[in-house]
Amino acid sequence: STARTVPHEAQQIGLEQASALKSQFLANMSHEFRTPLNAVLGYTHMLLNGVSGAITDAQRKSLSRIDSNSRHLLALINDILDLAKIESGKMELHPVEMSLADLIERTVGSMTALADKKNIDLNWRIDPDLPVLSQDLGKLQQILSNLLSNAIKFTPEGGRVQVRGELREAG
């Protein structure tokens, strides 16, 4: 039997079409998941704020867990949507001038509650003379948050996570 070969260009077009369809599917599914999830977050927030009346401590604890896990799920969905945008070339960057030291300090500071939950010693030393950059603040903060979140997640309870922001000489 003779194997049928597809010309390289036709294969490339097929792969590009499949990739575009996958990216569109991810974008559509992310949107479809975010809508009801945002409703869950909204209702949870209302309940936590006593809109429907007083809640017990046990209910507050459960609602707080729902809120925390829903926010985590929303972040994962947003990451999938970002990947789809990157793959399709539609990711928009919004560069702004920022102090790298301030960005790192703010991001690490926002992770202290997560580290405290696992009794992890989170400490940092940031060189105040780090340069001012022109970068997309949201994207860079997301990268740093993901790195720190993973460091905390995979550090054993009672462990230690250190962050250093310093200039190094080339060479």
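Visitor: Which residue forms a salt bridge with Arg125?
Guide: Glu166 does. The closest N and O atoms are 3.1 Å apart in another pair, Asp67 with Arg71; for Glu166 and Arg125 the figure is 3.7 Å. Keep in mind that this is a predicted model.

Visitor: Where do Glu166 and Arg125 sit?
Guide: Glu166 is in the segment after β4 (160-165). Arg125 is in strand β2 (residues 121-126).

Visitor: Is Arg125 buried or exposed?
Guide: Exposed, because its relative accessible area is 51% and the cut-off is over 50%.

Visitor: How many salt bridges does a search of the whole structure find?
Guide: Two.

Visitor: Back to Asp67 and Arg71, then. Which helix are they in?
Guide: Both lie in helix α2. They are four residues apart, about one turn of the helix.

Visitor: And is Asp67 buried or exposed?
Guide: Asp67 is buried, because its relative accessible area is 15% and the limit is under 20%. Arg71 is partly exposed, at 47%.

Visitor: Why would such side chains pair at all?
Guide: Side chains of opposite charge can pair when their charged atoms come close.

Visitor: How does the lining divide into nonpolar, polar and charged?
Guide: Six residues are nonpolar, nine are polar and four are charged.

Visitor: Now the surface. Which residues make the nonpolar patch?
Guide: Tyr43, Met46 and Val51 make a nonpolar surface patch of about 330 Å². Tyr43 belongs to helix α1 (residues 8-48). Its relative accessibility is 56%, so Tyr43 counts as exposed.

Visitor: Where is His31?
Guide: His31 is in helix α1 too. At 45% relative accessibility, His31 is partly exposed.

Visitor: How many Å apart in space are His31 and Ala101?
Guide: C-alpha to C-alpha, 34 Å. In sequence, His31 and Ala101 are 70 residues apart.

Key. Residues are numbered from 1 along each chain as its sequence is written. This is a predicted model: local features need pLDDT of at least 70, side-chain atom pairs count only at pLDDT 80 or more; totals for chains, interfaces and linings use all residues. Side-chain values use heavy atoms; hydrogens and water are left out. Ala, Val, Leu, Ile, Met, Phe, Trp, Tyr, Cys and Pro count as nonpolar, Asp, Glu, Lys and Arg as charged, and the others, Gly among them, as polar. Patches are made of residues with over 30% relative accessible area and no salt bridge: like charges are joined within 9 Å, nonpolar side chains (Val, Leu, Ile, Met, Phe, Trp, Tyr) within 5 Å. Accessible areas come from the Shrake-Rupley method with a 1.4 Å probe; for residues, only the protein chains shown count as cover. A salt bridge is a side-chain nitrogen of Lys or Arg within 4 Å of a carboxyl oxygen of Asp or Glu. Helices (H or I, at least four residues) and strands (E, at least two) are DSSP runs, numbered from the N terminus. Buried means under 20% relative accessible area, exposed over 50%, partly exposed in between (1.4 Å probe, protein chains only).
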